[in-house]
Amino acid sequence: MPLFFPQEDASDVRRRYKPDVIKGDMDSIRREVLEFYASLGTEIVDKSHDQDTTDLHKCVTYIRDSASGLDKSNLCILVVGALGGRFDHEMGNLNVICRFSYMRIVLLSNDSLIHLLPRTYCHEIHIQTSVEGPHCGLIPIGTPSKSSTTTGLQWDLNNTAMEFGGLVSTSNIVKEEKVTVQSDCDLLWTISIKKL
């Protein structure tokens with residue numbers, strides 16, 4: 001967070017934007033960082049005994065369980081820093097958004113935004129052209145697509161089949177402020193983020 005506010009004292013920024021909870025297996029957090037936030041009242045949930053799920057999975061589960069009584073399809077979880085590191089971690093993060101397909105989870109990096117488009121919907125994506133685009137892609141995940149159709153892209157798909165080892169829609173261009181997507185399989189939507 002201090003990098004977003006370079007003109008401010010880093011400690012002040014860290015205190016102002018402290019997490020409510022730090023949950024995970026604690027293998028990648030520095031001890032002094034953990035102690036700093038614990039001293040500010042952040043709840044620490046050590047799940048080091050659980051090596052079958054990723055830290056992101058543990059956190060999404062925590063958010064889901066904390067939102068009891070709410071329609072989970074109305075939740076939107078923004079995960080900053082989920083891309084651009086180790087490839088196995090990125091794949092683990094993509095797996096989480098597939099495992100929790102009934103929730104909207106957005107993975108954000110310095111240059112990309114990714115979220116799942118479940119096959120059960122016709123999706124309308126409203127493009128914020130001041131911060132995203134023009135490059136985008138649609139990647140079938142889990143199973144091949146026999147039929148994917150879009151509007152609003154430079155190279156629209158028209159009942160197009162897509163699969164790994166065959167065609168995937170990468171390096172496409174957003175042409176409209178609204179993009180529609182319908183597919184018979186789950187797709188990953190990815191769009192470039194503009195540098196501010």
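**Salt bridges in the chain**

Analyst: Arg64 is partly exposed, with a relative accessible area of 24%, a value that, like the others here, comes from a predicted model. The side chain of Arg64 meets that of Asp65 in a salt bridge, with 2.9 Å from N to O, and Asp65 is itself partly exposed, at a relative accessible area of 47%. The domain assignment of the chain gives domain 1 as 1–51, domain 2 as 62–109 and domain 3 as 111–195, and the C-alpha centres of domain 1 and domain 2 lie 19 Å apart.

The count of salt bridges comes to 6, and another of them joins the side chains of Arg119 and Asp186, at 3.4 Å from N to O. Arg119 sits in the loop between β5 (112–117) and β6 (123–126), while Asp186 sits in the loop between β11 (178–183) and β12 (187–193), so this pair ties together parts that are 67 residues apart in sequence. Arg119 is partly exposed, with a relative accessible area of 46%, whereas Asp186 has a relative accessibility of 15% and therefore counts as buried, the cut-off for buried being under 20%.

A further salt bridge is formed by Lys178 with Glu124, whose closest N and O atoms are 3.7 Å apart. This pair, too, links distant parts of the chain, since Lys178 belongs to strand β11 and Glu124 to strand β6, 54 residues apart. Lys178, at 39% relative accessibility, counts as partly exposed.

Note on methods. Residues numbered from 1 in each chain as written. Predicted model: local features only at pLDDT ≥ 70, side-chain atom pairs only at ≥ 80, totals over all residues. Heavy atoms only, no water. Domains from an automatic or database assignment. Salt bridge = Lys/Arg side-chain N within 4 Å of Asp/Glu carboxyl O. Buried < 20%, exposed > 50% of the residue type's maximum accessible area, 1.4 Å probe, protein only. Helix = DSSP H or I, 4+ residues; strand = E, 2+ residues; numbered from the N terminus.
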